[in-house]
Amino acid sequence: MAIIDSVRAVRSGVLERSGRLLMLRILVVLTIAAGLNYILWRWTFSLNFDAWWIAIPLVAAETYSLIDVSLFGLTMWRARTRPQSPEAPAGLTVDVFITTYNEDIELVRGTAIAARDITYPHLTWILDDGARDEMRAVADEIGVGYITRGESWRNRPRHAKAGNLNNALMATGGEFMLILDADQVPSKHILDRTLGHFNDEQVALVQTPQEFWNVPAHDPLGSHAPLFYGPLQQGKDGWNAAFFCGSNALLRREALMMLGVTRYVTELEHSVSVALRGADRVIRKARRSADAAHPATQQALAGVASAVAEARTAIAGRAPIGTVTYNLQRRVDIASRSVVSYDLDELARDLDAIRELQGDDDGDWGAFSDIDAAVQSLASRDLTPLGALESIQALIRSIDVDRDDEAQPLMPLATISVTEDMATSMRLHGLGWKSIYHHETLVWGLAPEDLGTSLTQRLRWAQGTMQVLIRENPLVQKGLSIAQRLMYFSTMWTYLTGYAAIIYFAAPVIFLVFGVLPVTTMAEDFFYHFIPFLVINQMLFLFSSRGMSTWRGQQYSLALFPIWIAATTTAAANVFFGRPLGFVVTSKTKNETGSQWRLVRYQLIVGVVLIIASIIGITRLITGDGEPVGTIVNLAWVVYDIVILSVIIPAVRYRGFAGKEGN
Amino acid sequence: MEYTLSDHGDGVAVLSVAGRLNMVTAMRFREVVAAAVADGSTRVAVDLSSVTFLDSSGLGALISGLKTARQSGGDLRLVAPTEQVQLVLKLTNMDRVLAEYADIDAAFPRG
């Protein structure tokens, strides 16, 4: 009978779930309908063109928000609560990676011991980017593996955590890997609970939620992300677009390596064709330079030019890049050597002349004993007269298959962004792999305990996300379904919220201080269009999050507007102009120094401006200059803004975790 | 994976691989190529005629070997791939990078 009971239980679960989903979809449809009703009215009937400078930005910000809500609705449309994963089959090979750079050795030791004690058979590795001897000693002591970067990474881009993991991928051989940050202590059942998902051979990624044990119940820094590690990821999962979040996730090696190989080929085709296209210009310029004045050098450059032309023809004819570049390199070597032998002939003539001058005297030939060595070194490519032409050297190096600019030819984890995770999962989805969000906390980590660190972390995430948006816009990625494109785009879209926030702060101030209203309308009209949208929208949020408090998240998304703006501008400057991001590695230890208030100066300024504006508004109302309904609406708006901003006060005053409250 | 490494003269080494070139054996393959190149055989012909299975890690090992050989002024070339191997090369577009040769003399002509 137990079987029938459990079947019944599963069925009622399914029914409950499908009933919930239906309700969600109704709310989504109603929200978007009410939103369209409002925004179309705003665009067509309500704009005050006399005050276009605030009317247009405000309606644009509102349109932005409606698109944001619609994308949220799309995310929730297929939100799925997965049943338990199938049992993990025996005999899989798994590597557990713990990435560290400068974290406390004892912290890593704790994580590594927990990782070592995971019950499913596996190998544990500490990936120490700090290459610390004490760390290696701890690894030996507790019996786990230890990996650092090899010689090939010297003087080449290190790509932070993505590079660390890519390096470890080449040094290990398990079918699956579990990725943990230095502070993320895994449950010993984590592999038993998750590996079963990989029974589906198309699954490349299983992401579990991020939980923290050092966050008090009132969560002053907004560390918990119950909406993201819950409805949002479950919603994305419904569209086969659950994101990789960098850690507490499992990956299939074959998927990552396939990604590495296909990216290698794509990037090689791109770099070689770009170099061949620009080659003539580089060679022409080199031939005009003073270093190339010698007739022999000119002749060698002509040789390079004809080799390049031949390579271009071969590539156009779809000849394999490996063959084409090999032949090119050979021909360039021959061209270089012809210059060297010319120089050696000259050198020999000089030597003879010197010998003649010395005559029969017993000269000190020791002075010339270095000549053999000089001849040897002259024959090596870098010291030839062509070697002096740096542009030519760079050109030739770039037309090769060995990716000399990188430590290893394969970079399976994406290196285009400071957040390698999102870009990697997007590329995996583009190759047709599946991802899974496993909604069960199996890893406990450390959240930042001070505002500065927390802000740095958020800035980094936002910057990384914007880098991906600009470099590999998900909307135009081949291989992704429309829904997958929108799922990635949706997360990027939310980071533009900083600009909308400024307008939402400015509009009531402009009315209260100057009496300028961005809408030309009767108050009833406005309420009639706006209130239904507001109410249904809040119901959607409440229902999606199953009543969980997402208020803290809503507050942070507006209150941290300076972070989002800084993230978008620095990411754009970085991608378009190569400016550094100015980003600091998140430290997970407490930062006691420095004035915390400085971190939130923009929010404080906005708060003060809002209060002053309210005083002016009330004064104008009393003196009869202010319009009553408009003043009340805008005062209510200011109160809302201030409540939103108030989230930063406890955040600034937070002095770190002191144990669970009430426990 | 079984392998034999033989000197073909003129700086050419023939690396014959049999069995599975995959995530389990990829590391060993890379080491063998690196050792051959370090010994002066910078031109490596990889005989794939007896490879029964090639995965992305195996491809990765071929690419690493190619890099090692090229950086020492040599080359790594594929000889007599089986149909399964050819299929993998095609699916990953690796056939755009590496040519396939019928035999060792076609890969590295003497003289």
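**Notebook: sheet, helix pair and chain contact**

I began with the sheet of chain A: it is open, has seven strands in the order β3-β2-β1-β4-β8-β6-β9, and its pairing is mixed. I took strands (E, at least two residues) and helices (H or I, at least four) as DSSP runs numbered from the N terminus, and two strands as paired if DSSP finds at least two bridges between them. I looked at the ends next: β3 (145-147) and β9 (434-437) of chain A are the edge strands, each with a single partner, so one side of each has no neighbour in the sheet. From one strand to the next, I noted an average twist of 25°.

This is a predicted model, in which local features need pLDDT of at least 70, side-chain atom pairs count only at pLDDT 80 or more, and totals for chains, interfaces and linings use all residues. Residues are numbered from 1 along each chain as its sequence is written, while chains are lettered from A and ligands numbered from 1 in the order in which they are written.

I then followed β1 (residues 94-100) of chain A, which runs parallel to β2 (residues 123-128) of chain A and is joined to it by six bridges. A:Ile98 has A:Ile126 of β2(A) opposite. Helix α3 (residues 105-116) of chain A packs on the sheet and touches β1, β2 and β4 (176-181) of chain A. I read contact as C-beta atoms, placed from the backbone, within 7 Å. The direction of α3 makes about 175° with that of β1(A); angles run from 0 to 180 degrees between N-to-C directions, and axes are lines fitted to C-alpha atoms, for helices over the stretch in contact.

Next I checked a helix pair. Helices α16 (residues 497-514) and α21 (residues 628-645) of chain A pack at about 145°, their axes 9 Å apart. Among the residues making this contact are A:Tyr504 and A:Phe511 of α16(A) and A:Trp637 and A:Asp641 of α21(A).

Last, I turned to the two chains. The contact between them takes 24 residues from chain A and 24 residues from chain B. On the chain A side, α8 (253-288) and α10 (321-358) each supply at least two residues, and α8(A) gives the largest share, 11 residues.

I also noted the confidence values. Chain B has a mean pLDDT (the predictor's confidence in each residue, from 0 to 100) of 94, and 99% of its residues reach 70 or more. For the complex, the predictor gives an ipTM of 0.96 and a pTM of 0.87.

Note on methods. Two residues are in contact if their C-beta atoms, placed from the backbone, lie within 7 Å.
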